[in-house]
Amino acid sequence: MADPRRTLDRTARLAELVGRLSLAEKVHLLTGETAFTLPGNDRIGLAPLAFSDGPTGVRGLKFVGGDAVALLPNATLIAGSFDDEVAAEVGRLLAEEAQRQQIHVVLGPTVNLHRSPLGGRLFEAYSEDPYLTGRTAAAYVRGMQEHGTAACLKHLVANESETLRNFMDSRVSETALRELYLLPFEMAVADAGAWSMMAAYNDVNGVPATEQDHVQNRIVKGEWDWDGLIMSDWFATKRTVASANGGLDLVMPGPDGPWGARLVAAVRAGEVPEESVDDHVLRLLRLADRVGGLTPEGQQPRRWAQDQPTVDSPVRREQLRRIAARGMTVATNNGVLPLAVDAGGAVALIGRHAIDTVDMGGGSATVNPPYRSTVAEGLSALLGDRVHVTDGVAVRARPVAADPAFLTDPVTGTPGMQVVLLAADGTELSRCHSDSSTISIGWDDEFDQDPATAVLTTTLANDAGPVLLGAIGTGDWTVAGGGAEVSARLRVAGQDPGGTMLRPPAFAGTVELPAAATVTATVALHPVDWRELLLREPSLGLAEESHLLDMTALGRTALVAAPAPRHDDELIAAAEAAAAGAGTAVVVVGLTEEDETEAADKTTLALPGRQDELVHRVAAAAGRTVVVVNAATPVLMPWLAEVDAVLVAGLPGQEGGHAVAAALTGALEPTGRLVTSWPAADGAAPAWDVVPGEDLALPYDDGTFIGHRGFHAGHAPAPLFWFGHGLGYGSWEYGTAQAHESPDGLEVTVELTNTSARDSRETVQVYLDPAEEDQPIRLVGYRGADVAAGATAAVTVTCDARLLRRWDEATGTWSPLAGGGELVVARGLGDVRARVSLA
Ligand code: BGC
């Protein structure tokens, strides 16, 4: 707890610095300088602060590419450990990654909830449960900020889906807002003192999140007495006056935006009080002070020593592998897992995800990892030549950028391509080597010029025969070489500039090429005039100053080139043959960054392509079948009854392949519990639709009955797997549970015996089923316990008082629940182990 006198002194000192600045100087500080930096001010000793995404790696100042940085397991794996220590270690690790790059603020954690399982961005967020989310976030923030790096809680608030995200209006009751959607923010503020937050793209109850006087000023800064800074999501600020008065402190990115001269004029016109501007600046200086970016005159701003472990050091490898495996969940297991390491017998490892393991989701959370590891590499490293790897069916509908290892720049002779940019009159603007197949033109890139045409040339590492050729990015494309040519006119679709940048249009076709063909892709670039496109659409209601209209960037531009894929029929037949010849088949299926991504939602929970058919066929052919699900969010399992075990592996980061192998063999126990209920069918969930209506409203009709709360109340058919479910490799007997009051509040103690032959970890979960009819069951506490084989431990779980209250809309206050009801001790609500009636 900070000494209040010191806090006051500090605030007075910061206010004195604010007082030294003119209005124009103050306003200048309140919009970014670049995509990810802020302006500094020498006169007051303010260093230019640097921000970086977040939340599963610290990408750095570039949006695309950038230096190699550690790629962590995704958020659902971190929350799946149900362990504050794991989340705090993640926070510390990210702080070290930030400091290695002189970054002051990491744009994470994402604390929005898994409301509908279709949400494209759930992989970045922890859970459907607000308490698990809040606790995980608080531990992450604590770990990060203890090391002097700021966390940023995002996205404030009710930002649970991506469809029309800039314009949609989440219609959510005040009760659900308080009890569910704001709770993780509240917990991370109260329990960890988070230093910054990010206001979302969407509207909430008709008011843009960036203008939410109610949420930002009244609740967060007022009721919670929070002294941190609220920045906008990138290009999210819609209006000048309403946002400046509504509690937003900082517009990102810069240098342009709806504040600047417009805000100065609004202050002069009396529309925005200068005190509001002062408060925004004060909060900015406080953030700078906290991260070492504010130094007394004459002193140099803090620079972090470079003594952090490198991204591929043994320390990092161990951490990332352990953290990933800890969060993986054994969903079913008839005894086939863990796979015996010393037993003989071939293991058929099958699936596109086995050889191309998906280790992160798509969008702004993407980083450039130092290396990636596949399940094929990981399992082969542990089981040697017992493992026989077979490709599976196609899993992507969109072409992906070429693997740079498939390309050689004919000029440098190194992996990558030669990039030439031309002006409209054909004059050469620049010529350079790119070691990636993707370039980004027009935002945070190395290409400052305004080219009309880009020419990408490379020599492929192809054998003579069919090759998939194409491109990604808006423009008129011709890709030609070796006597073949493909071309397309790619244009944006939809109304989301950010989405277009993250998921630009793409095309590809198969052509016959001679071996080692040199190909040239020429694109007449086609920048999108969003101002023209979006202002023309009055239903979107965009103000002239909306920051979104400044997005003219082209985004990613990439070459597509790969050996032509084999036909699914052929691949399934080969998989079946491989499975028939092996005692055990391990099939790795899943989603890709196409499905689990920012800027788009899913439309189904079914696995893409013919993956279900692949599992059916393998299960029928193999003696035993294990399915590994390489996805962060629920998928349907029509083959569940046919297989012997299912391991949910999430998006496991750079050590992912090794972590999956360690989890399968039990070298590391997958102790994860599901962070979200897994529906049994499409639509069978308390909340499903993510497409707003014509009025752009998305009603949060499920109220406080989110996820397992709604399933338990019968608002949807029982899920395939409950939130909190997870078998691990131990087996557990629970004694009777007892509830008692303690200085920390209501507690439940239960005796737990590890009846298995291995040391293991159990997560004791406590739910409250309130007496009131209108109140959903809810998770109120949990605690993990490591228990030796055969041993018994008494585990005490504290019930968090914030889950034992209800919001009263009539009085606008919290009140305690009526009392009575039942505490339920469960391994997910499908496996209840003890109950305690409350008086
Ligand atoms: C995302 C934010 C992210 C920001 C900066 C936005 O598209 O919604 O979560 O931090 O971009 O990359």
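**Open sheet.** I began with a sheet of four strands, which is open and runs in the order E7-E6-E4-E26. Its pairing is mixed. I noted the edges: strand E7 (207–208) and strand E26 (697–699) each pair on one side only. The model I am reading is a predicted one. Next I checked how E4 meets E26. Strand E4 (residues 169–171) and E26 pair in the parallel sense, over three bridges. I found Asp 169 standing opposite Ala 697 of E26.

**Strand E10.** I then moved to strand E10 (residues 347–350) and looked at its side chains. Val 347 and Leu 349 point one way. Ala 348 and Ile 350 point the other way. I found all of them buried. Which strands pair with E10? One is strand E11 (residues 387–390), parallel to E10 over four bridges. Here Ala 348 has His 388 as its bridge partner. The other I looked up is strand E23 (residues 584–590), which runs parallel to E10 and is joined to it by four bridges. On that side I paired Leu 349 with Val 586.

**Nonpolar cores.** I turned to the largest nonpolar core, which has 166 residues. Which members touch the most others? I listed Phe 51, Tyr 181, Met 197, Met 231 and Trp 234. Helix H5 (residues 130–145) gives this core its largest share, eight residues. A second core is separate and holds 31 residues, including Ala 579, Val 589, Ala 622 and Val 629. In soluble globular proteins, nonpolar side chains tend to be buried together.

I took a closer look at Met 231, leaving out neighbours within four places in sequence. Its contacts include Phe 51 and Met 197, both also listed above. Val 105, Leu 107 and Cys 152 are among the others.

**Ligand site.** I counted 13 residues around the ligand. Which come nearest? They are Asp 53, Arg 121, His 155, Asp 233 and Glu 598. I then looked up polar distances to ligand oxygen atoms. A side-chain N or O atom of Arg 121 is 2.6 Å from one. For His 155, the value I noted is 2.7 Å. Tyr 201 has a polar side-chain atom 3.0 Å from a ligand oxygen.

Key:
Residues are numbered from 1 along each chain as its sequence is written. This is a predicted model: local features need pLDDT of at least 70, side-chain atom pairs count only at pLDDT 80 or more; totals for chains, interfaces and linings use all residues. Side-chain values use heavy atoms; hydrogens and water are left out. A nonpolar core is a set of buried Ala, Val, Leu, Ile, Met, Phe, Trp, Tyr and Cys residues joined through side-chain atoms within 4.5 Å. Buried means under 20% relative accessible area, exposed over 50%, partly exposed in between (1.4 Å probe, protein chains only). Helices (H or I, at least four residues) and strands (E, at least two) are DSSP runs, numbered from the N terminus. Contact means heavy atoms within 4.5 Å. Two strands pair if DSSP finds at least two bridges between them. A residue is near a molecule or strand if one of its heavy atoms lies within 4 Å of it. A polar contact is a pair of N or O atoms within 3.5 Å; within protein, one must be able to donate a hydrogen and the other to accept it, and residues adjacent in sequence count only if both atoms are side-chain atoms.
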